[in-house]
Amino acid sequence: MAGTDPIHQFVIQDLFPLFTIGGDGTEGSGLHFAFTNSALFMVITVATIVVFLLATTGSKKLVPTRGQLTAELLYEFVAGMVRSSAGTAGMKFFPLVFSLFTFILFANMFGLVPYFFTVTSHIIVTFALSMLVFLTVIIYGFIKNGPKFLKLFVPAGVPGYILPIVTPIEVISFLSRPISLSVRLFGNILAGHITLKVFTGFAVMMIGALGALGWFGAILPILMAIALTGLEFLVGAVQAYVFAVLTCMYLNDAIHPSH
Amino acid sequence: MVTQAFAQEAETPAVDGAAAPATDATHAAPADAAHGDPTADTHATTEAHGGEHESGVFPPFDPATFPSQLLWLAITFGALYVLMSRVALPRIGGILENRKALIDADLAAADADRQKTDAAIAAYEKALAEARSNAQSIANKTRDAINADLAAKRAAVETDLSSKVSAAEARIAQTKAEALTHVDEIAAETAQAVVGQIVGDVSPDSVRAAVAKVKE
């Protein structure tokens, strides 16, 4: 049963406990910190990115090797994204956008390896990342523009009598950004992994229940799972891209608040 | 529904927050009990759904896992950010900048060479045009000199010829005039002779007068 349970893959398991803040010492009380399977894959994700980028660019070749070219393409892809969405002034956030993009991309890709934990399938992770973007936008927006940052909520060229309607809408849409940003990524990854698991689990159950006939019946769900795996690779890449692009656009608001 | 073996299977990789190494599957359930967990019974039930943490909620919404995830996200993402912004991105940016500078320098050198070539071609064409116009002028001069020489010579010959012609004409006219003067004398002599034969002697003067009269 556990083998086909589509939810089991999202379970956080403590690999070794670290410490607990507060609580009365009983199970589940206080803030419990541990090195979990999620933490392990965060470390793997970051280590892979860092090792890949540093190893491939070590020789600084004029004519790049394949690895160096990949690293350069990744760099130029994100740099182009930042430059086109947030302008040259947005390039000071390039490391942030690059880190976000590569972290989400690699986490999503690792998540598609069987038995690997998907870091981005937990709302708290995606929400923390989106709050990082949201707070960066607010803090940098106020530091750079001062009170003029609030112009963001008063679109230029809108007649005065519509402002009482438009401004609350703008405020609500601004405040809902971290939610939409995090839920979009979380929802896509979660739904994709559940769907994959359901189809593969269906194949396993068929074989278990129907024997030889089940092998035949399992072909369809397996084909579906293969197709879905391809789709999930696409979704993983697209969601990382979407997260990075939206980050750039939100940062653009902080840099140029007047629409 | 919950069998002991199944609860153990779900429990296997877990460490229940306490120091006890619960990774030994056979001790999983007793370890829980040893913790004095008052919810030990329900605990086993929830683990049938695969929950490692006590609450039976959907794992992504289990707040008990939030502190660990946030902690490790902060550590790993912070490390990633620092390494990217301090090491990896400046390095890749440097590589790209280097290459761009080199390509730009090469392009500039090529452009300078091209301009030099253009200048050389222009100089060559200018020299060629000059040489051509020089040659033209030399040819023109030579032709003019030859023409002038020719014309002078022809004029000299013509004047020489015309002077000779006029001299000859003058001589002819003189001879003719001379001849004509002799005609009167011959006529007078002839007339004198004829008249002398017919009527006898006449004075030459009268014959001459008569001839002159007839001639008029």
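How much of residues 70-89 of chain B is helix, and how much is strand? Select that stretch: the chain there is 100% helix and 0% strand, with the end C-alpha atoms 25 Å apart. Helices here are DSSP runs of H or I with at least four residues, strands runs of E with at least two, numbered from the N terminus. An unreviewed UniProt entry labels residues 70-89 of chain B "transmembrane region"; such annotations may be inferred rather than shown by experiment.

Before moving on, note that this is a predicted model: local features need pLDDT of at least 70, side-chain atom pairs count only at pLDDT 80 or more, and totals for chains, interfaces and linings use all residues. Residues are numbered from 1 along each chain as its sequence is written, and chains are lettered from A in the order in which they are written.

Next, show the contact between the chains, counting residues whose C-beta atoms, placed from the backbone, lie within 7 Å. Chain B puts in 46 residues and chain A 47. On the chain B side, H4(B) gives the most, with 25 residues.

Finish on A:Val97, which touches A:Val78, A:Val82, A:Ala244, A:Thr247 and A:Cys248, leaving out residues up to four places away in sequence.

Conventions: Contact = placed C-beta atoms within 7 Å.
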